[in-house]
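Try each task before reading its solution.

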Amino acid sequence: MKRYLCSIIISLVVLLSIGTYYVKVASSASSLPRYTFKTIEGSDKELDPVIVQATLENGDFYEPLTIESNRTTYGSDRPLWSDRYDHQIERLIKEHRSFMRGKDSISSLYEDDDFLAYAWVNSEFTNNGKMEAKFDIGLLEKKDEGETSFQIELPHQERIMNIDVRDVQLVHSKLQVLTMIDVNSNNEKQTKEVHLYTIDLANKKVLSDKTLLSETFTYPNQVDFEMPIDVAPSQPNSMVLISLIKGVNHEEGPFEEKLKESKLISYNYETEKLETVKKGPLSLDMARSGYADGKNLYTVEMKSGKYRIKTFDLSSQTLTNDTELDIAANEEEQYTAAFKNGRVYFLLNEMNQEGGSNKPAKLLITDLKSGKTLYKGETVINKKNSKSFGLYIDELEIK
């Protein structure tokens with residue numbers, strides 16, 4: 001009897017603790033300001049697919065929040081066991097819960113009408129400092145919900161210090177996994193590489209490990225590989241852009257780039273061609289600060305007090321569109337952009353010294369082809385004491 005009584009007391013304590021937690025959370029969340037968008041021009045229906053991920057700041061206080069369907073949800077509004085996912089991950093979890101278990105990196109996923117594929121590298125260091133690494137591979141056939149999952153040893157893992165999966169594609173029934181690698185070194189030299197692994201799904205083996213790029217350097221020299229922001233990370237893409245950035249770390253002063261030695265490189269999954277993009281409409285800076293979807297590169301430029309969106313066709317490397325946005329440019333404002341269905345979603349937020357802003361964030365939605373403004377609005381707050389809070393925009397997502 002004592003044993004059961006003890007279990008009942010423990011259960012009551014747990015329930016009371018959870019209840020107290022939710023009372024405190026509800027009380028805390030209800031005292032925070034709520035943000036919505038006030039429509040200045042256009043239809044508020046344009047807001048339906050917009051998701052703004054942000055952080056509320058006040059001194060040492062930080063609270064993540066989401067503005068979706070023109071409503072604010074704070075991290076403390078969510079259930080204790082709920083995680084904050086990218087909306088694409090949330091959709092995939094709802095549609096394919098079994099397959100998506102434990103998968104939370106959108107850059108490790110590929111999706112088309114028939115398949116959902118996954119590739120990730122699980123790694124750990126042994127006592128002698130060497131890496132042991134395996135590919136986690138998964139494939140879901142949507143038609144019958146048939147799942148295949150397996151692990152494969154990563155080739156030449158003894159020479160790898162760090163590996164990051166950047167893109168996954170399914171080409172001719174073979175999984176293509178693009179990675180960036182820091183090579184293990186026993187001397188002052190450092191080496192960074194871009195590798196493409198081709199995985200045979202039917203026979204569960206690595207067919208090839210292809211080094212696309214490799215650069216070795218010693219301090220104070222520095223080399224980095226960068227890619228444009230992928231606006232469609234899990235969708236089929238035929239081409240990727242990679243920026244090779246070379247520079248020098250000065251002991252006193254900023255990092256200095258070696259522009260003549262830096263370059264922009266394209267890789268086509270279908271043709272397997274790796275090419276240096278020659279001088280022309282595409283530049284290194286455009287790629288580094290741009291947004292890509294595998295077919296087009298979108299870049300943002302500030303000119304004559306206005307923002308312009310330029311669209312480049314990656315296959316032909318030609319400028320196909322140049323749109324001026326109906327919004328004034330301000331160097332003190334930070335922009336966040338998203339591209340989907342021929343539209344640009346452009347969010348401006350003025351930054352103060354602390355990194356947040358208590359001024360309204362401005363949202364503009366424009367049709368890229370016609371240049372027509374479809375929506376213009378700004379955030380409004382429902383709290384009188386809102387000036388004590390700063391809003392920091394983390395990400396703009398479009399459903």
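Of the 399 residues of the chain, 43% count as buried (under 20% relative accessible area, with over 50% exposed and partly exposed in between, using a 1.4 Å probe and protein chains only). The model is predicted, so local features need pLDDT of at least 70 and side-chain atom pairs pLDDT 80 or more, while totals for chains, interfaces and linings use all residues. Residues are numbered from 1 along each chain as its sequence is written, and side-chain values use heavy atoms, leaving out hydrogens and water.

**Exercise 1.** Work out how many aromatic pairs there are, and classify Tyr267 with Tyr269.

*Solution.* Start with the rule: rings of Phe, Tyr and Trp (its six-membered ring) pair if their centres lie within 6.5 Å; planes under 30 degrees apart are stacked, over 60 edge-to-face, and the rest tilted. The count comes to seven aromatic pairs. For Tyr267 and Tyr269, the centres are 5.6 Å apart and the planes stand at 90°, so this pair is edge-to-face. Both Tyr267 and Tyr269 are buried.

**Exercise 2.** Classify the pair of Tyr335 and Phe346, then place each residue in its strand.

*Solution.* First, the geometry: 5.3 Å centre to centre with 15° between the planes makes the pair stacked. Next, Tyr335 sits in strand E23 (residues 333-340) and Phe346 in strand E24 (residues 343-350), so the pair ties together parts eleven residues apart in sequence. Strands here are DSSP runs (E, at least two residues), numbered from the N terminus. Finally, Tyr335 is partly exposed at 26% relative accessibility, whereas Phe346 is buried at 0%.

Definitions and conventions: Helices (H or I, at least four residues) and strands (E, at least two) are DSSP runs, numbered from the N terminus.
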